[in-house]
Amino acid sequence: MVMEGYSVVSEAVVQRVFWVDWFHHTPHINLTLHPVNDTFSPLSPIYQESLGIIGSVPAGVLILTLLVLLLYLLTRCCDNKPRKPGSITCLKVMLVLFAVFTLGALGVSVWGNEEVHEGVTRSVLSLNNINSMVHSLSNQTKLFDETIRRNLQPQLNLFKETIQRESIKNATVEMFIIESLHYMQGNISEVLLINVEDINAMMSGAEMGGMVRLLGVGELARWVATLGITGILMMIVLVVMIGVARHSRCTLITFSVLGLLAMILCWGLTSVYLVASVALSDWCMDPNPFLEDQLSKLVSRDVAAYYLRCDPTRPSPFTRYLTHAQQAANLVLASLNKVTRIADIYYERKEIHPRLDHLGAFVNQSQRSLGGVAALLECQSLHHHYRTALTATCQQAMSGVVYLLLSAAGSGLLFTILVWITSHTWIYLNHKAEPGTSEERDPFLPGRGSRGGTLTSLGAPGYSRPRHSHTPPQTPPFPGTLNGRVYHSDGMGSMGGGSGSAPTTYNQ
């Protein structure tokens with residue numbers, strides 16, 4: 001993706017995709033149609049109102065589309081005119097063509113979903129690195145505290161007891177050593193430990209392990225849900241293709257219902273992605289103010305600005321504490337060296353040097369721990385991970401959100417067209433035949449125009465004799481005959497043709 005914009009968040013330049021500038025210039029207005037501030041501020045009611053108005057645009061398109069579709073269906077529900085087979089074929093071809101287009105639009109959402117997932121994953125990884133650095137700083141300060149409290153201070157007390165036990169004749173030297181030990185203890189407990197503990201307190205609220213894990217789980221759920229929704233929408237598109245292939249009116253009616261729901265879902269997702277695109281672009285234009293406001297709830301504003309901006313012209317908020325701690329450590333080391341030189345002169349080496357060696361080792365260890373704390377407090381490493389997260393969000397994730405927006409809008413439009421064409425098709429598919437045609441009669445009876453064997457040929461209502469038929473008409477009955485046959489009744493009620501009756505005669 002070609003980069004066209006740059007966002008200066010420190011002395012370093014962070015690239016952002018051109019979509020950021022494009023969506024940032026979307027008009028932000030309130031309900032009175034007056035422009036409002038477009039600075040990212042999701043907790044501001046005015047900013048929320050402007051985003052709601054922007055998100056209502058696709059919702060308005062959906063409502064208008066539903067009204068037009070309703071009017072169309074009302075005009076077509078009573079249309080019983082048959083259609084030519086060629087027009088039905090044309091509609092089927094259009095259905096298949098737009099179904100393929102819809103599958104392509106849904107495929108773009110798969111691509112956009114992967115882009116968002118990769119961008120957010122990179123951001124989460126960078127945030128994990130930042131959290132690991134904060135956790136390492138906390139461990140380093142705890143290690144320093146344990147070194148002082150469990151090792152250095154007890155060794156000072158033991159050395160003091162040794163000096164008091166091994167008394168010498170020079171009381172001035174003994175008093176100097178004891179006062180030096182008191183001075184060392186004061187620097188350790190009142191200066192060195194206090195300043196390091198203050199540094200640890202300043203950074204104690206910066207651990208974001210829970211928030212980072214929640215962000216990772218939420219992104220995984222979003223990625224899976226988007227894939228699931230896309231798969232369902234693709235299956236709905238396959239329904240219309242199956243209905244066209246099987247020439248099934250029932251299947252097309254089913255798609256009309258499912259397609260209507262899919263259309264509503266797509267336009268709803270369009271609103272969500274449009275709001276997300278505008279809000280994310282507003283944040284990417286200048287992310288520091290919002291993050292400083294949020295981080296100031298966890299740490300001081302000076303600390304938040306120090307790491308987010310990493311401005312070399314601004315002093316570190318830890319400089320004063322580190323300077324005092326390092327000065328105290330240097331004073332402790334200098335005092336220990338003086339005590340060592342004097343003790344070597346007035347005390348036996350085997351009595352005092354084991355203690356002095358332990359004291360020197362622990363003082364050196366405390367200085368190394370303090371140097372590690374100072375290195376972890378530098379802003380360069382943490383700010384590098386911050387820029388990496390910012391670039392991943394404002395470049396790759398932003399592009400993915402735009403692709404999801406285009407896919408949702410295109411799919412909503414294509415589903416609208418599919419529902420319209422399908423509703424136009426199934427009305428005339430498998431339409432009932434006109435009354436009186438052979439399709440409505442028993443298939444085992446001859447069709448219209450048969451000359452015999454039907455009820456109408458026997459004089460049923462509606463019968464008309466064929467014009468050139470040579471079949472003579474039936475002779476109407478005369479008195480004393482039954483269907484042209486003479487009959488006689490006797491006392492037993494017998495009829496002609498029985499025993500003893502007159503021969504049967506026929507009238508011509």
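Me: Where is the place of Ser 109?
Reply: A quick note before that: this is a predicted model, where local features need pLDDT of at least 70 and side-chain atom pairs count only at pLDDT 80 or more, while totals for chains, interfaces and linings use all residues. Residues are numbered from 1 along each chain as its sequence is written, and side-chain values use heavy atoms, with hydrogens and water left out. Helices (DSSP runs of H or I, at least four residues) and strands (E, at least two) are numbered from the N terminus. By that numbering, residues 85–165 make up the element that holds Ser 109, namely helix H3.

Me: Is Ser 109 buried or exposed?
Reply: Buried means under 20% relative accessible area, exposed means over 50%, and partly exposed is in between (1.4 Å probe, protein chains only). Ser 109 has a relative accessible area of 6%, so the call is buried.

Me: Which residues does Ser 109 touch, not counting residues up to four places away in sequence?
Reply: A contact here means heavy atoms within 4.5 Å. With residues up to four places away left out, Ser 109 touches Thr 230, Leu 404 and Ser 407.

Me: Which residue has its backbone oxygen 2.4 Å from a polar atom of the Ser 109 side chain?
Reply: Stay in helix H3, where Ser 109 sits. The backbone oxygen lying 2.4 Å from a polar atom of that serine side chain belongs to Leu 106.

Me: How much accessible area does the nonpolar patch with Val 100 have together?
Reply: Val 100 is in helix H3 too, and at 44% relative accessibility it counts as partly exposed. Patches take residues with over 30% relative accessible area and no salt bridge, joining like charges within 9 Å and nonpolar side chains (Val, Leu, Ile, Met, Phe, Trp, Tyr) within 5 Å; a salt bridge is a side-chain nitrogen of Lys or Arg within 4 Å of a carboxyl oxygen of Asp or Glu. Areas come from the Shrake-Rupley method with a 1.4 Å probe, and for residues only the protein chains shown count as cover. Val 96, Leu 97, Val 100 and Phe 101 form this surface patch, and together they have about 320 Å².

Me: How many disulfides does the structure hold?
Reply: A disulfide is a covalent bond between the sulfur atoms of two cysteines. The cut-off used is a pair of cysteine sulfur atoms within 2.5 Å. One joins Cys 284 to Cys 394, and Cys 310 and Cys 379 form another. The count is 2.

Me: How many residues apart in sequence are the parts that Cys 284 and Cys 394 tie together?
Reply: Their sulfurs are 2.1 Å apart, and with -95° about the S-S bond the link is left-handed. Cys 284 lies in helix H6 (residues 249–285) and Cys 394 in helix H11 (residues 379–426), so the parts they tie together are separated in sequence by 110 residues.

Me: Is the link of Cys 310 and Cys 379 left-handed or right-handed?
Reply: The two sulfur atoms are 2.1 Å apart. Cys 379 is buried at 5% relative accessible area, and Cys 310 counts as buried at 3%. With 65° about the S-S bond, their link is right-handed.

Me: What is the pairing, with the bonded cysteines numbered in sequence order?
Reply: The bonds to sort are Cys 284 with Cys 394 and Cys 310 with Cys 379. Numbered in sequence order, the pairing comes out as 1-4, 2-3.

Me: Where does Leu 33 lie, given its positive phi?
Reply: Leu 33 isn't a glycine, but its phi is about 65°. At 63% relative accessibility, Leu 33 counts as exposed. Its place is the loop between helix H1 (18–24) and helix H2 (45–76).

Me: What phi does Cys 310 have?
Reply: Cys 310 lies in the loop between helix H8 (301–309) and helix H9 (319–346). Although Cys 310 is not a glycine, its phi is positive, at about 50°.

Definitions and conventions:
Polar contact = N/O pair within 3.5 Å; in protein donor to acceptor, adjacent residues only side chain to side chain.
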